[in-house]
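Trainee: I would like to go through this model with you and test each label against the criterion behind it.
Mentor: Then ask, and we will set the values beside the definitions.

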Amino acid sequence: TATSAAQPETAARPSETVPDREVIAGTGKILNGAYGAHERNTFDLYLAQTDRPAPLVIYIHGGGFVSGSKEQLSEADRQRCLDNGISFASINYPFFMHKPLQDILKDIARAVQYFRYMAAEYHIDPDRISCYGESAGAGASLFLAAKPDMADPDSSDPVLRQSTRLFAAGLYDTQSTYDFYQWPELLGIPMEAGLILQQRLGLPLSLLYGTPADGAADYESGEIAVIREFLDMTADLSPDDCPLYIRSTVAADNAVDILHAQVYSRTVYQVCRQNGIEAELSTPEQPCAVPDFLSFLLERLDA
């Protein structure tokens with residue numbers, strides 16, 4: 001549920017953390033707002049002009065968690081949302097050089113919590129917040145869709161008391177898990193070839209997951225095992241999860257693009273079917289009737 005429009009208690013106001021925040025009077029636009037303390041916890045928000053609180057779509061850019069920006073948004077998608085009474089946000093988030101992956105994803109979850117906390121001020125319907133993105137943005141959207149609610153009701157930060165759950169999610173060329181030790185099996189390469197994955201990612205696992213405080217070198221035990229479990233999105237999928245639109249633009253026989261292999265999308269779809277989660281899968285070999293995530297979302301908002 002939405003809170004009042006009062007100022008966050010301990011969460012910094014956008015203008016306090018990002019001095020160049022720009023609110024353009026009469027346009028319903030906020031540029032370079034801040035949803036957290038990190039320099040990349042920023043967003044652009046475009047507010048639909050509606051009588052009732054509007055649904056919100058959050059775009060999460062791709063870039064392998066090493067590059068990209070909120071400016072990669074599709075202006076056509078943004079305008080389509082606004083034309084249909086849906087507010088639209090595009091966010092930045094930290095990269096691997098700033099934080100390990102599990103903390104990056106917690107920051108992205110915080111963006112959802114921030115918009116939910118500010119729902120009354122931004123005239124957003126807190127029960128109809130959706131996310132979509134491509135590549136890393138798709139994996140992050142899947143993480144949010146699958147992860148049990150990460151709200152902390154006892155947090156001193158009122159933003160972190162908010163729900164992280166979504167109304168719907170769109171996944172374009174997603175990964176199915178960020179337990180990278182599963183990738184060799186999914187891709188059909190020997191486990192001992194796991195180092196190839198690190199080389200192709202361009203980053204050592206020590207940077208992806210951080211250096212374990214327990215010093216465990218064994219990926220099947222200790223802190224690394226806990227992190228792997230936390231980042232295994234398909235293992236978290238359950239019957240109460242939101243609808244998913246899944247699209248792969250990579251051919252099924254493409255063995256080169258290991259970051260976006262179609263097997264990831266098919267794996268997510270299969271797990272959705274096993275759990276009774278509403279989902280659509282579109283591939284080059286078998287495109288579905290629904291052309292894109294926004295069409296998928298609009299059908300559900302009108303239901």
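Trainee: What covers the buried residues of α11?
Mentor: The cover includes α5 (136-146), β7 (169-172), α6 (183-187), α10 (233-236), β8 (244-247) and β9 (279-282), where contact means heavy atoms within 4.5 Å. Bear in mind that this is a predicted model, in which local features need pLDDT of at least 70 and side-chain atom pairs count only at pLDDT 80 or more, while totals for chains, interfaces and linings use all residues. Residues are numbered from 1 along each chain as its sequence is written, and side-chain values use heavy atoms, with hydrogens and water left out.

Trainee: What makes α11 a helix of the expected length?
Mentor: Helices (H or I, at least four residues) and strands (E, at least two) are DSSP runs, numbered from the N terminus, and α11, residues 262-275, has 14 residues. The expected span is 1.5 Å times one less than the number of residues; for α11 that expectation is 20 Å, and the helix reaches 20 Å from its first C-alpha to its last, close to what is expected. After α11 comes G276, whose phi is positive, near 70°.

Trainee: Which residues of α11 are buried?
Mentor: Buried means under 20% relative accessible area, against over 50% for exposed and partly exposed in between, with a 1.4 Å probe and protein chains only. In α11 the buried residues are Q262, V263, Y264, S265, T267, V268, Y269, V271 and C272.

Trainee: What makes β8, α11 and β9 a right-handed unit?
Mentor: A crossover is right-handed if, with the strands pointing away from the viewer, the path from the first strand over the helix to the second runs clockwise, and the β-α-β unit of β8, α11 and β9 is of that hand. Its strands β8 and β9 run parallel and are joined by 4 bridges, where pairing requires that DSSP finds at least two bridges between two strands. Within this pairing, R247 has S282 in β9 as its bridge partner.

Trainee: Why is β4 called largely enclosed?
Mentor: Strand β4 (residues 54-60) has 7 of its 7 residues buried, so it is largely enclosed by the rest of the structure. Strand β4 runs parallel to strand β6 (residues 124-134), with 6 bridges between them, and pairs in the parallel sense with strand β5 (residues 87-91) over 5 bridges. I60 illustrates both pairings, as its bridge partner in β6 is G133 and its partner in β5 is I91.

Trainee: What joins the side chains of D236 and K147?
Mentor: They are joined by a polar contact of 2.7 Å, the term being used for a pair of N or O atoms within 3.5 Å; within protein, one must be able to donate a hydrogen and the other to accept it, and residues adjacent in sequence count only if both atoms are side-chain atoms. D236 is found in helix α10, and, not counting residues up to four places away in sequence, D236 touches A146, K147, P148, E229, F230 and D241.
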